[in-house]
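Let's take a walk through this structure together, stopping at a few residues and at the spaces between them. Keep the model open beside you as you read.

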Amino acid sequence: MVNFLVKKFVKDYENISSSKVRTAYGMMASCVGIGCNVFLFFLKLAVGLVVNSVSVMSDAFNNLSDAASSIISLVGVKLADRPADKEHPFGHGRMEYIAALIVSFLIIEVGWTLCKSSFDKVLHPNELSFSVVSVFILAASITVKLWMAYLNRTLGNRINSSVMKATAADSLGDVLTTSATILTLVVYGIWGRNIDGIVGLVVSVIVIIAGFNIAKDTLAPLLGEAVSRETAEEISGFVEKYDGIVGSHDLIVHSYGPARKMASIHAEVPSNVNIEKSHEIIDRIERDAMKELGVFLVIHMDPIAVDDEKVVHCRKMVAEVLKILDERYCFHDFRIVSGEKRTNLIFDLVVPRDAEIADDEQLAQKVNRMVQERDPQCCCVITVERSFCAND
């Protein structure tokens, strides 16, 4: 069913790197969400009025809020597709995140309203009427919500959309709340116990938590999150596959929307190669990165010695020391300055942000001691940096 909808309503659906295609995916998913949630709202509201259940009606209005959320998502996706202008040279891609943040606030507000009404029902419970038809209808709505979660999760993974993944999580939360509503009716039908208000409170808490989780996931890219390990490996691997590139480091990625990324990276080139030739390679990589990865890439060129035996030996020695301390440690901008009595090894040491080190200076001194144990004539001059990549 998902593939049928994609093929039917998303033109050129395989070209997921295109912002137009991504927008079409988002609009299609939003329209499906609006239709399904409006249908479930009227269905559950009718059931709730018949059986006089606040938990059922609460669940119905939760679906109505989901429909409003889908409308906001639809507007956000459409606005995010607007091209760059003089005020926003990197485009409007972050509108998708802002729309999701608005949705999260709406969900929290609905959850709080349900919490207050459910608390009142705990103090002043109403009579319920059990109906097998009502339970069956609510169970059918769970099936619809499970499919909606599957739809948004599948498409969210396909186009790497955090908003659609959040919508999928919200749908799964609805599955839990509706299941709780069914539990209310079944308990009343079998044992005659009215737990409507209590279950309503549980439902409201789940809704509020879902809203906070969506807000948290949405704020991360707005505030500026660490580049994922997969993205870092993709960009670094893309740069390093070119002849004339020895290695890379200092990757920084800025996201201006799910399909709009700007990145900078330092590319290491052999120092014995003509600078104009290396510059030509760098230019080609930047152009190809935009075409193949959709990333606006800026590359800084770092020349390194690759045919100096002493430099190669010292680099290997430092690499062995760092591997002993932490396999995640890496270094770059390595060079040596030789004197009569000692040789300075100058480099930048990159450590993960979760690395348990008391002080940068202490770490540098420890690395220096371990290097001098292997070669007393060497002295390390180290600049400690923190990685911009995620620690996973």
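This is a predicted model: local features need pLDDT of at least 70, side-chain atom pairs count only at pLDDT 80 or more; totals for chains, interfaces and linings use all residues.

The backbone at Asp250 is worth a look: phi is near 55°, a positive value in a residue other than glycine. Is Asp250 buried, exposed or partly exposed? With a relative accessible area of 26%, Asp250 is partly exposed, because buried is kept for values under 20% and exposed for values over 50%.

Strand E1 covers residues 247-255, and Ser248 belongs to it as well. Ser248 has a relative accessibility of 18% and so counts as buried. What surrounds Ser248, once residues up to four places away in sequence are set aside? Ser248 touches Ser236, Glu240, Ile265, His266, Ala267 and Glu268. With Glu240 there is also a polar contact, in which the two side chains come to 2.5 Å.

A second residue with a positive phi waits in another part of the chain. Asp12 is not a glycine, yet its phi is about 55°. Where does Asp12 sit? You will find Asp12 in the loop between helix H1, residues 2-9, and H2. The relative accessibility of Asp12 is 48%, so Asp12 counts as partly exposed.

The largest cavity has a volume of about 430 Å³, and 36 residues line it. To find its centre in your viewer, look for Ser30, Ser73, Val77, Val163 and Met164, which lie nearest to it. Several helices each supply at least two residues of this lining: H2 (19-51), H3 (54-80), H4 (95-123), H5 (132-159) and H6 (162-191). Which of the elements gives the most to the lining of the largest cavity? That is H2, with 8 residues. By class, the lining of the largest cavity holds 14 nonpolar, 15 polar and 7 charged residues.

Now let us turn to an open space. The second largest pocket holds about 520 Å³. Its lining is made up of 24 residues, and Arg229, Cys330, Val350, Ser387 and Cys389 are the ones nearest its centre. Here strand E1 comes back into view: E1, helix H8 (229-240), strand E4 (330-338), strand E5 (343-351) and strand E6 (378-386) each give at least two residues to the lining of the second largest pocket. H8 gives the most, with 5 residues. The lining of the second largest pocket divides into 9 nonpolar, 6 polar and 9 charged residues.

A disulfide is a covalent bond between the sulfur atoms of two cysteines. How many disulfides are counted here? The count comes to 0 disulfides. Cys378 is buried, with a relative accessible area of 2%. Cys115 counts as buried too, at 19% relative accessibility.

Pro270 is found in strand E2, residues 261-270, and at 13% relative accessibility Pro270 counts as buried. Apart from its neighbours within four places in sequence, Pro270 is in contact with Gly244, Val246, Ile304 and Val306. Val186 is 84 residues from Pro270 along the chain, and 74 Å separates their C-alpha atoms.

Lys291 lies in helix H9, residues 275-292. Is Lys291 buried or exposed? At 70% relative accessibility, Lys291 counts as exposed. Lys291 and Val321 are 30 residues apart in sequence, with 40 Å between their C-alpha atoms.

Note on methods
Residues are numbered from 1 along each chain as its sequence is written. Side-chain values use heavy atoms; hydrogens and water are left out. Helices (H or I, at least four residues) and strands (E, at least two) are DSSP runs, numbered from the N terminus. Buried means under 20% relative accessible area, exposed over 50%, partly exposed in between (1.4 Å probe, protein chains only). A polar contact is a pair of N or O atoms within 3.5 Å; within protein, one must be able to donate a hydrogen and the other to accept it, and residues adjacent in sequence count only if both atoms are side-chain atoms. Contact means heavy atoms within 4.5 Å. A disulfide is a pair of cysteine sulfur atoms within 2.5 Å. On a 1 Å grid over the protein atoms alone, a cavity is a set of points where a 1.4 Å probe fits but cannot get out, and a pocket is an open set with protein on both sides within 12 Å along at least five of seven lines; lining residues have an atom within 4 Å of a point. Grid points are joined across faces, edges and corners, and a volume is the space filled by probe spheres set on the points. Ala, Val, Leu, Ile, Met, Phe, Trp, Tyr, Cys and Pro count as nonpolar, Asp, Glu, Lys and Arg as charged, and the others, Gly among them, as polar.
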